[in-house]
Amino acid sequence: MKATKNTPQGRVCYTCHRKTLPRKPCWVCGKTVLAAAHTEEGAWCERCRQAHLAEPCSRCGRTAPVAIRDEQRPVCKACYQRAHQRPPRRCVDCGEDKPAARLTDEGPLCERCDNRRAPKVLCPRCGKTRKVGTVRTGVCRACAQRAIPRQPCRNCGRTRLVAYRDADGEPWCDRCRRRAQAEPCSGCGARKVVCARDHIGPWCTACWEVVRPGPPCDDCGQRPSMPMPGADGVARCVPCHLAAQVPCARCGTTARAERHWPEGPVCLSCVDAVRLTHERCHRCGELAGVFRREAAGPLCPDCAGVTFSYHCPTCGAMGRLLRGQCPSCTARRDLGEVFTQPDGRPAAWLAPLAELLENYDNPYSLSLYLRRPGGQLIRRMVTGELACTHQALDELRQTTAVQHLRGLLVLAELLEPREEELAQLTRDVQTLLERVTTPHDKTILARYARWHLMPLAHQHAEQDAGFTYYQREHLRRKLDTARLLLSYLGTRGTSLATLTQPVADRWLIRNRPRQHHARSFLLWAATNGLAPAHIAIGTSRHTGDREIMSDTDRVLLAVTLETDDTLPLADRVAGCLVLQYGQSCWRLVNLTADDVLAHPDEPGILGLRLGRDPLWLRPRLSALLHRLVTNRRPLAGALRHRPTPYLFPGLRPDRPITSATLQTRLRKLGVPSVRTARNGAWLSLVGAVHWKMLADLLGVADTTASAWHRENGGDRASYVASRLRQGQRTAGPE
């Protein structure tokens, strides 16, 4: 190796000489590295210097450091190496023809094998035998990466790597630096991160993909193609290249290419097979993914000359990486960043919420939740922008993320539990009252809500089933109907006290679906002396839907749900109870584990306490119900370690799934409508079992069971006649 300098120890090479040079902090990113350039502002590291001197390449159009200039036109390093490729030589280690990175006494070595031969040392920080990342300290690459100091960003307050320092010397993260240095794009005019520059001006990434130099794409013909054609010889642009469906070089499946390996494009399934199959390589002896199997044994990707990351730099686990780390390490990192204040200290008052989120069984779900609106709300609480109170959450738009976060804060005992539907009804009342402009009408509506609707809501809340969403929506529609009626009276120059029957009839003709709600409001107003007593609105007649599901379709679907193990277990049990016993979704979601009974004489047979008498289920359905009782868990990933009493738990362990959600899930299984399935089941049951027994078994009113009996062609007299005949048979001789 060529020597560059004479030292008291002798002549040293260029690499060893660089190790002895002093390190200085870069004035842009703040990292203490070997200075690559010096300006009036201070020292520059190699990375910042290249980023500052980057120009659009005249061949590929990509903004990159200039390697050479061809006739005063800049050329990047990739294009230069592509045009001046080194001749391939057979590597003495892997035996493949590749450009030689180093010549040894044994022969040429490719770059991968040369790196593999690098000596390994015992890292003094993590205690693992790895390759040296920082020669001065002797630590491995992973520890050297973690040792880089993180500082709170001046703009967003998150503790991250320093990518830029402003004129005051304050650190900025890379994301904020890109946003602050954004410029108006020459194509779309929006302020975005500059991807490239030409004689027209700066371009964003999306616009540059359309105007950059190059031949057109063979697939879309709109954007320039990539400098190199794809594996199948077709020149495509970047979006078409990423979305191209090509045959996999390994399994032959036509899919999107996850990787482009020496044998060609490879699908995601084949890449995962390499990631998740771990054996000792017969060349290097390392435990790694099996790239392929040879006669001598398995071969790892490093020895095969394939470069892709599947080792987590933090814990060393092998598999898919999520933003540079394994999913578990990424979730822990995201959780720490979310609960870190702008001053770098953790938010101690939200520690119970952080402990609750740590119980996510799927790290992918936790990372996704922290990056979505739920995590953004938590960040606002950490920074103090959003208070951790019910009042602060009530002022927000009541989305699913807000409701879910409220439930988590209640379970973490950071908020006091409350009757959520009652609170939401109060919020709905205030919203409707704000839409009323007449003070007199607002007073009437406030009295109607305070003295009529709210007592009904509290009465429902004191019952066992509680105050449900549908009951809240019913009361809200009553108040909204009263608002519309008063608004109509105001437009006609009359008031509620001078209301006449013709005016009420004209409004009713236009608002026929609101007849029942308007009648309730006028009865209350007449009782309290606010409206004339002679105004009459008839009761709306409720006609039930008698459409039925055929017995053939119903029985075949029930058998499929009992035997198909690929379907969700909870949906199978709910579908069987609807198809076979005509149960409503509202009744099913309120079932608890205490409602499940074990047969005293027949082992393995379970029953449900729906009415006065227990309903014993069929053996196959009993087995499904037993599995459901054993394996039921809340839907929210952070709460699945908590016990729940419900057979169909929802997002909270103290709340079941909603009946609307259960109906949607049953519809996906093939149930056209829960009502039609129940109608078919009831008609079949009343034809085989007496209606009185069904009322006691299924927990319905006698009038409901009798109505279905009459719908099937029977009447009440048949029950009396059957009892009389039974008494006559008993009195006679045996």
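Biologist: What makes β9 and β10 count as paired strands?

Modeller: In this predicted model, strand β9 (residues 66–70) and strand β10 (residues 73–76) run antiparallel and are joined by four bridges; since pairing asks for at least two bridges between two strands, they count as paired. One of the contacts along this pairing sets Val66 against Cys76, its bridge partner in β10. Two residues lie between the strands of this hairpin, and Glu71 takes a positive phi near 55 degrees there.

Biologist: How do you know that β35 and β36 pair, and in which direction do they run?

Modeller: Two bridges join β35 (residues 606–608) to β36, and these strands run antiparallel; because the criterion is at least two bridges, this pair meets it. Leu608 stands opposite Leu615 of β36.

Biologist: Why are β34 and β36 said to stand at the edges of the sheet?

Modeller: The sheet is open and has three strands in the order β34-β35-β36, with antiparallel pairing. β34 (596–598) and β36 (615–616) each have a single partner strand, so one side of each is left without a neighbour in the sheet. Helix α24 (residues 619–631) packs on this sheet, where it touches β34 and β35, and its direction makes about 75 degrees with that of β35.

Biologist: What makes the contact of Glu258 and Arg259 a salt bridge?

Modeller: Their side chains meet at 3.6 Å, N to O, and because the cut-off is within 4 Å, the pair qualifies. By this rule the count comes to 32 salt bridges.

Biologist: Are Glu258 and Arg259 buried, exposed or partly exposed, and how do you know?

Modeller: Glu258 has a relative accessible area of 22% and Arg259 one of 24%; because buried means under 20% and exposed over 50%, Glu258 is partly exposed, and Arg259 is partly exposed as well.

Biologist: Which parts does the pair of Glu294 and Arg283 tie together, and why?

Modeller: The closest N and O atoms of Glu294 and Arg283 are 3.7 Å apart, and the two form a salt bridge. Glu294 lies in the loop between β32 (292–293) and β33 (298–299), whereas Arg283 lies in the loop between β30 (278–280) and β31 (287–289), so the pair ties together parts that are 11 residues apart in sequence. Glu294 is partly exposed at 27% relative accessible area, and Arg283 is partly exposed at 30%.

Biologist: What is said of the pair Asp428 and Arg472, and where in the chain do they lie?

Modeller: Asp428 and Arg472 form a salt bridge whose closest N and O atoms are 2.7 Å apart. The pair links distant parts of the chain, with Asp428 in helix α16 (residues 420–434) and Arg472 in helix α18 (residues 469–491), 44 residues apart. Asp428 and Arg472 are both buried. Elsewhere, salt bridges that share partners join Asp394, Arg406, Arg418 and Glu420 into one network.

Biologist: How do you know that Asp441 has no salt bridge?

Modeller: For Asp441, the nearest side chain of opposite charge is that of Arg483, 9.6 Å away; because a salt bridge requires a nitrogen within 4 Å of a carboxyl oxygen, Asp441 has none, although it is buried. Asp441 lies in helix α17 (residues 439–461) and touches Val436 and Leu486, not counting residues up to four places away in sequence.

Biologist: How many of the residues of the protein count as buried?

Modeller: Of its 734 residues, 38% count as buried, in a protein with 29 helices and 36 strands.

Methods. Residues numbered from 1 in each chain as written. Predicted model: local features only at pLDDT ≥ 70, side-chain atom pairs only at ≥ 80, totals over all residues. Heavy atoms only, no water. Buried < 20%, exposed > 50% of the residue type's maximum accessible area, 1.4 Å probe, protein only. Lys, Arg positive; Asp, Glu negative; His and termini not counted. Contact = heavy atoms within 4.5 Å. Axes fitted to C-alpha atoms, helices over the stretch in contact; angles between N-to-C directions.
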